[in-house]
Amino acid sequence: MADNLKILVTGAAGFIGFHAAKRLLEQGRDVVGLDNINPYYDVNLKYARLEQTGIGKNRIRTKRLVRSEKFPNYNFIKLDLEDKAEIFRLFKEQKFTHVCHLAAQAGVRYSLENPDSYVQSNVAGFLNILEGCRNHPVEHLVFASSSSVYGLNEKMPFSTQDHTDHPASLYGASKKSNELFAHSYSHLFHVPATGLRFFTVYGPWGRPDMALFKFAKAILEDKPLDVYGQGRMIRDFTYVDDIVEGILRVVPHAPQADPRWSGLVPDPASSKAPYRIYNIGNSRPVQLMDFIAAIQKALKKSAKLNYLPPQPGDVIATFADVSELEKDFGEQPHTPIEEGIKKFLDWYMNYYGVAGT
């Protein structure tokens, strides 16, 4: 990666955004982090992540850049994506070369209760980022999509060559809209854009609403563990460091228009515009019950299982075809589930002061 990049990382207090920003900073990159620190889950966890990058809670002021006390090339700003005027001002003043857009209203189930928050953050907020990239041109916009866009698809593994026209959740629909808007901006305004479809990310500093976090907490507290879908669901669990490695490999390589692309037989993952889509997943799907068994083994403790039917918006299985990512960037997520779970549990017990078993 070149030395003269200035990278905006949105969602810098979030799970993946924090890890991505931290890795970039450890490489000596010039980074501006952005997050609105919303209360979708415990904001103390978000502030604790920021503290790891030298941004103390008491120094944060809305709409003001705060310089890190740990990384001299890092500034953070608390800001809503929906604040169009401030987003535009930030782009104008900072002159970003690259944007790594990882901010979003997350969660499939929460979208059933609060669809407005997904439209505001994931749609309107993303449009403001695109407009920033259009009016203050950047070399490359990399944005987070999701395996949720595959929705009701049943052919496995999920390939970027597959059409994604039947989302099973409002969250998935919002991520699909991101891909469509990004392509339109690439086509109309020549904004180079790459979308990365993440598959069930887990690891240290994860969100409390995610499976591993909830499972570990229930087992450690001797509480019943709700298992939806009768435990038959399968997920392509992907360790967060593998996700970040994929992001960092993609960022410096802006997509080019594909001269072979044809509107007669359109490839969903590329375009005659500078636009690409990739999957990032472990490509080793694991049945939910095996995932829970691995947690129990690591904790040396049994779970009390409460089997429940699937929830609205859930899909039965996810499985990533990452052949395009491997071909173009030499990247293949590889962290075994057992290793990733152990690293998460080590963090969890340290962060929450839980004694080892």
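## Helices α7 and α9

Helix α7 passes helix α9 in a right-handed crossing, where right-handed means that the near helix is turned clockwise from the far one by less than a right angle. The model is a predicted one, in which local features need pLDDT of at least 70 and side-chain atom pairs count only at pLDDT 80 or more, while totals for chains, interfaces and linings use all residues. Residues are numbered from 1 along each chain as its sequence is written, and side-chain values use heavy atoms, with hydrogens and water left out.

α7 covers residues 211-220 and α9 residues 288-299, and the two pack at an angle of about 50 degrees with their axes 11 Å apart. Leu212, Phe215, Ala216, Ile219 and Leu220 in α7 meet Leu288, Phe291, Ile292, Ile295, Gln296 and Leu299 in α9, contact being heavy atoms within 4.5 Å. By class, this contact has 10 nonpolar, one polar and no charged residues.

## Helices α9 and α11

The axes of α9 and helix α11 (residues 337-351) come within 10 Å and cross at roughly 55 degrees, in a right-handed crossing. Phe291, Ala294, Ile295, Ala298 and Leu299 in α9 meet Ile337, Ile341, Leu345 and Met349 in α11, and the residues of this contact divide into nine nonpolar, no polar and no charged.

## Valine 32

Valine 32 lies in strand β2, residues 30-35, and counts as buried at 1% relative accessibility, the limit being under 20% relative accessible area with a 1.4 Å probe and protein chains only. Leaving aside residues up to four places away in sequence, valine 32 touches several residues, including Ile7, Leu65, Tyr74 and Phe96.

Terms used:
Axes are lines fitted to C-alpha atoms, for helices over the stretch in contact, and angles run from 0 to 180 degrees between N-to-C directions. Helices (H or I, at least four residues) and strands (E, at least two) are DSSP runs, numbered from the N terminus. Ala, Val, Leu, Ile, Met, Phe, Trp, Tyr, Cys and Pro count as nonpolar, Asp, Glu, Lys and Arg as charged, and the others, Gly among them, as polar. Buried means under 20% relative accessible area, exposed over 50%, partly exposed in between (1.4 Å probe, protein chains only).
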